[in-house]
Amino acid sequence: MKREQPDISGKAVSGCITLNQGAGMSRGAATVGRRTAVPFWRDERVLKVLAQIAFVVLVLAIGLWALSNYRERGLKFSFGFLDEEASFDLAEGIAFSPTDSYARAFLVGVVNTARVASLGIVLATLLGLVTGIARLSDNWLVSKIASIYIEIVRNTPLLVQLFFLYFAVILKLPQLKVRDEITAITLPGPTYLSNRGLALPWPRPSESFGSWWPFLVVALIVTVLLWILRARGVQRTGHPSFNFLWVVSAFVTVPVIGWLVVPGNPLVLDVPVIEGLRATGGTVLSPEFVALTLGLVVYTGAFIAEVVRAGILAVPKGQTEAARAQGFTNGQILRLIVLPQALRVIIPPLISQYLNLTKNSSLAVGIGFLDLYAVSSTMLNQSGRVVEVFLMIMASYLSMSLSVSLIMNVVNRRIQIVER
Amino acid sequence: MVFTACGQQECPECPPCPEAGECPPCPEAAECPECPECPEVSAVGGKRFQLIKDRGYIICGVNQELPGFGYINPEGEFAGFDVDFCKAIAAAVFGDATAVEYRPLVAAERLPALQTGEIDVLLRNTTWTLTRDTANELDWAAVNFYDGQGMMVRVESGFETLEDMEGATVCCTTGTTTEMNLADAFRMRGVEYTPLLFESTQDTNTAYEEGRCDGETSDKSQLAALRSAMANPEEHVILDVTMSKEPLGPLTAHGDNKWNDVVRWVVWGMQEAEEQGVSSENVDQMLSSDNPTVKRLLGVEGEVGDSLGLPNDFMVKVLQQVGNYAEVYDRHLGPEGIDIPRGPNELWINGGLIYPMAWR
């Protein structure tokens, strides 16, 4: 504060000059003289430079000190170990065998974290949006249920929730089978739910998939074109030139035509079968994956709900009233009037929720899910390369978080332009 | 900076000599050759035995959560197979088995605690491996338990060998040699399996108990201990398969051979006592035995105690207050304890691996 004083007095004095010009002159000159006479240890510009130099020196000193410690202990800094055989086994995500390298093991972790984070972000957004709107609902029951969910989840630690979800809920599900008898919860499909995970039927591409996928691409292009055309119509005339259903049907019919044209079925439904000790075929979501994704979605969803609620409340009430006066239905008000304006407020805090979800996924280590951090901690235990592995962990989370915020900032900018 | 202690003197001026005799050029080249004469001691290990004697009790690093080996009993005292060896060492040095301060340590802390001199001896089911012995600058004194990695499964699964476990999920604690041995064992047999890794032993065990895994792998002794603490121990069985060698024993910091000698000869003395049939019950009668080995063991004849820097009758104190190897084993690991068959931990004369060195 003290450093700013010369500035303030300078301004005050120059104010004086304009008021009583002649008499003030000498005092003004005196002020200038005093300003140049500020000793360098109180001169803000000098101090700023000095502070910068001191900071650089400090950083360099710490770096050199760390380096000399490293040398003194005869440690070598090298990422060479990444090519070595890992000789441990990982069983989640992309294929891995003990003969694969450490680098491959790390990739397994990165892919698993990306899987959880991307699925988690999508589901948490949906949950948060619905709950946020529900909390503002006029329906007493709906809004109370939403508040209870939000308050409970927001005010207990995520790790506790994850442990509870994994050990007390998911592992308490029935066994897959007991004495050759299937005891898992069987849903139509067939879908098996047990404490060995969720086995789902899953489409697998067959031989003719190669000639079918161009139809999918065409469908996508046609849909996008129709969407743009429709939006142009709205802009020009205020009415959509054709029904929204046309867009949907275009998206559906083109692939269906392709399905009929192409010989054989391009996609075959792979059904899970319980064989020996496990379910094979279809796709099996491990209990750890389910617990982590569910835990992150429920936790982050509660925060997003509050963000959404804040955004909606930030839209002036007059907007809703005006829309209602013009005969919009409640759904239309929300979709066309309130949400587009609320988004401007929602997006920036939403970005940090997405980043939180991505980083919180490292709690997976507690429930046996092989995310980036869990794999890395095995790597550093077995290779002893602590510094290198931690640098890799930090770099990976940093680049993941930065890509999330990059995408979201682009979205943010597009939405903010609407503002007048 | 390396300060090398030369007897009482310190010679910090001298640059560290990389090889004995090959002295780097330094201004005081004439004074330098004194340094290579320094005995190769680490700062913490050098005079450990004297330090312990002056202190009046030993500081023993132990486990506090492994039933049978090192745990806190209902009376709130440290107890177990490894803990009894701490007591035996204290009895040998001070004639008092209670002259021990216990330091409970988790796996990751145990080696640094010894390296930094926080504890005198580590008795915490620690496997004797080459890297730990050399790179970590530690010295094992002896082996007091021959262990091996095993596999625990449910009785109803009907598994008898690892080959039966095709497609099984196996729970395992991460960051140990266990997970590598597991991968090796199944790969060698060409059996497909799914590992599930947890950070803490507790979580690993809970996941297995809840039926998330078909098997749990760890050291056999540890599996036996975990099994004994389960709700229905009789529903689980430890397969008769050994995936790796795990020799466990007490260890001291590198560099103090005198102290290390004391620890190893107490362990071997207890084993020798079993071999000679001397126990806590008959040790007083055995003092008048005609058997020359027994006489030497109990210090009636010879001067083995003096050469170790201990009272000549130190084994009498050990046997009176703690007992011989078999007594300690039966107390904690036998049928009245967590019930691990002696197997390789039988005396060599009974076909086991326990073979104390010659007491003479």
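Let me start with helix α2 of chain B, residues 81-94, which has 14 residues and reaches 20 Å from its first C-alpha to its last, close to the 20 Å expected at 1.5 Å a residue. Please keep in mind throughout that this is a predicted model. The helix is mostly covered, with 14 of its 14 residues buried, and just after α2(B) comes B:Gly95, which takes a positive phi of about 70°.

What does B:Ile89 touch, if we leave aside its neighbours within four places in sequence? In the model B:Ile89 is in contact with B:Ile58, B:Val121, B:Val263 and B:Val266. Two of these names return when we turn to the largest nonpolar core, which has 160 residues, and in which the members touching the most other members are B:Cys86, B:Ile89, B:Ala92, B:Val262, B:Val266 and B:Val318. The largest share of this core, however, comes from chain A, where helix α9, residues 287-314, supplies 13 residues.

Now to the domains of chain B. The domain assignment gives domain 1 as 1-40, domain 2 as 48-144 + 249-277 + 323-350, and domain 3 as 148-245. Taken over C-alpha atoms, the centres of domain 2 and domain 3 of chain B are separated by 27 Å, and where these two meet, 8 residues of domain 2 of chain B are in contact with 6 residues of domain 3 of chain B. On the domain 2 side of that contact, the residues divide into 5 nonpolar, 2 polar and 1 charged.

Next, the two chains together. Between them, 22 residues of chain B are in contact with 21 residues of chain A. Which elements of chain B each supply at least two residues of the side that touches chain A? They are α5 (177-189), β12 (193-198) and α6 (201-209), and the largest share of that side, 5 residues, comes from β12(B). By class, the side of chain B that touches chain A has 8 nonpolar, 6 polar and 8 charged residues.

Finally, a word on confidence in chain A. Chain A averages a pLDDT of 84, and 89% of the residues score at least 70. Over residues 1-30 of chain A, on the other hand, the pLDDT is below 50, although this stretch has 16 contacts in the model beyond near neighbours in sequence. Where pLDDT is low, the predicted coordinates should not be read in detail, and I would ask you to keep that caution in mind when you look at residues 1-30 of chain A, where the pLDDT is below 50.

Notes: Residues numbered from 1 in each chain as written. Chains lettered and ligands numbered in written order. Predicted model: local features only at pLDDT ≥ 70, side-chain atom pairs only at ≥ 80, totals over all residues. pLDDT = per-residue confidence, 0-100. Contact = placed C-beta atoms within 7 Å. Helix = DSSP H or I, 4+ residues; strand = E, 2+ residues; numbered from the N terminus. Nonpolar A, V, L, I, M, F, W, Y, C, P; charged D, E, K, R; others polar. Core = buried A, V, L, I, M, F, W, Y, C linked by C-beta atoms within 7 Å. Buried ≥ 20, exposed ≤ 12 C-beta atoms within 10 Å, placed from the backbone. Expected span 1.5 Å × (residues − 1). Domains from an automatic or database assignment.
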